[in-house]
Amino acid sequence: GRGGGLKERGNAAFKMRDYENAEKLFSQAILENHTEEAYFANRSAARIALGKFAGALQDAETCLDLSGGVNVKAWYRKGQALTGLQREVEAVSAYTAGLKLNPFSSQMQQALDTLTSPLLPATTDTPARCTQHDAAPLPLQQNFQDTLRPPLQQNAALSSTPATATPPRASPCRATTKGGGVGG
C-alpha cells in the first residue's frame, strides 16, 4: 500500500538506531498515507528515542484517534512521551489504559511499576488525596478518551490495585481515612 516501502525503510533505520532517518522516513510515509495508524506509532517511537516528546505524544494520540483507542502500542508510546514530558500522572493513566487492552504486556507493566513506585507513597492514608473524588468512578470505567487528564487523587487508588484486577468502584480512601472527616 501507499507508504509501505517507506515504513519498511523506517523500521530498518530504527533497528540500526538511526532515529533521525527513521523519523524522516515515517514522516514521508505519513504524507503518502495519513490514515495508517502504524506510521504514527512508529514515528512516535523514533521521536521518543530522539527526545522529541511533544511530537511523540501528538503522534501517539493521532494513532489512538485513528484506532478508536485500541492500539496498545500507541498507549505505550503515549505513556513514554508523557513520562519524557514529566507528566507522570497522565503517563500512569496511559499505561493503565494499555494494560486494560493487553494485561500481558510486561513492557507496559514494567513502565507502570517504574512510575508508580516513586510517584506515590505506599499508603493511601493521606486525606488530601481523597477530598474531591471519594465516590467517583475511576476514569477507565467511563471512556478511554476521558483518561487524558485524570485527577491525581484517582491514581492513588490505581497504584494499590494490580493493573490486571478490576478497579474498585469507589476510592479506597473511605476505608483508610482516620476520623471520618472526608467526604462524609
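The chain has 9 helices and 0 strands. Read from the N terminus, its elements follow the order α-α-α-α-α-α-α-α-α. The model is predicted, and its confidence is a matter to settle before turning to details.

Over the chain, pLDDT averages 77, and 63% of the residues score at least 70. Where pLDDT is low, predicted coordinates should not be read in detail.

Some totals describe the chain as a whole. Of its 184 residues, 43% are buried. The accessible surface comes to about 9500 Å², and carbon and sulfur atoms account for 51% of that surface. Among the contacts in the chain with a separation of 6 or more, 55% join residues 24 or more positions apart.

A pair of helices shows how elements of the chain pack. Helix α3 covers residues 37–50 and helix α4 covers residues 53–67. Their axes lie 8 Å apart and meet at an angle of about 160°. Angles over 145 degrees count as roughly antiparallel, and α3 is therefore roughly antiparallel to α4. The crossing of α3 past α4 is left-handed. On the α3 side, the contact is made by Glu37, Phe40, Ala41, Arg43, Ser44, Arg47 and Ile48. On the α4 side, the residues that make the contact are Phe53, Gly55, Ala56, Asp59, Ala60, Thr62, Cys63, Leu66 and Ser67.

The loops between helices also hold details of the backbone. Arginine 17 sits in the loop between α1, residues 4–15, and α2, residues 19–32. Its phi is positive, at about 65°, although arginine 17 is not a glycine. Is this residue buried or exposed? Arginine 17 has a relative accessibility of 66%, and because exposed means over 50%, it counts as exposed.

Glutamine 86 has a phi near 60°, a positive value in a residue other than glycine. With a relative accessibility of 64%, glutamine 86 counts as exposed.

Notes. Residues are numbered from 1 along each chain as its sequence is written. This is a predicted model: local features need pLDDT of at least 70, side-chain atom pairs count only at pLDDT 80 or more; totals for chains, interfaces and linings use all residues. Side-chain values use heavy atoms; hydrogens and water are left out. pLDDT is the predictor's confidence in each residue, from 0 to 100. Helices (H or I, at least four residues) and strands (E, at least two) are DSSP runs, numbered from the N terminus. Buried means under 20% relative accessible area, exposed over 50%, partly exposed in between (1.4 Å probe, protein chains only). Contact means heavy atoms within 4.5 Å. Accessible areas come from the Shrake-Rupley method with a 1.4 Å probe; for residues, only the protein chains shown count as cover. Axes are lines fitted to C-alpha atoms, for helices over the stretch in contact, and angles run from 0 to 180 degrees between N-to-C directions. Angles under 35 degrees count as roughly parallel, over 145 as roughly antiparallel, 65 to 115 as roughly perpendicular and the rest as oblique. A crossing is left-handed if the near helix is turned anticlockwise from the far one by less than a right angle, and right-handed if clockwise.
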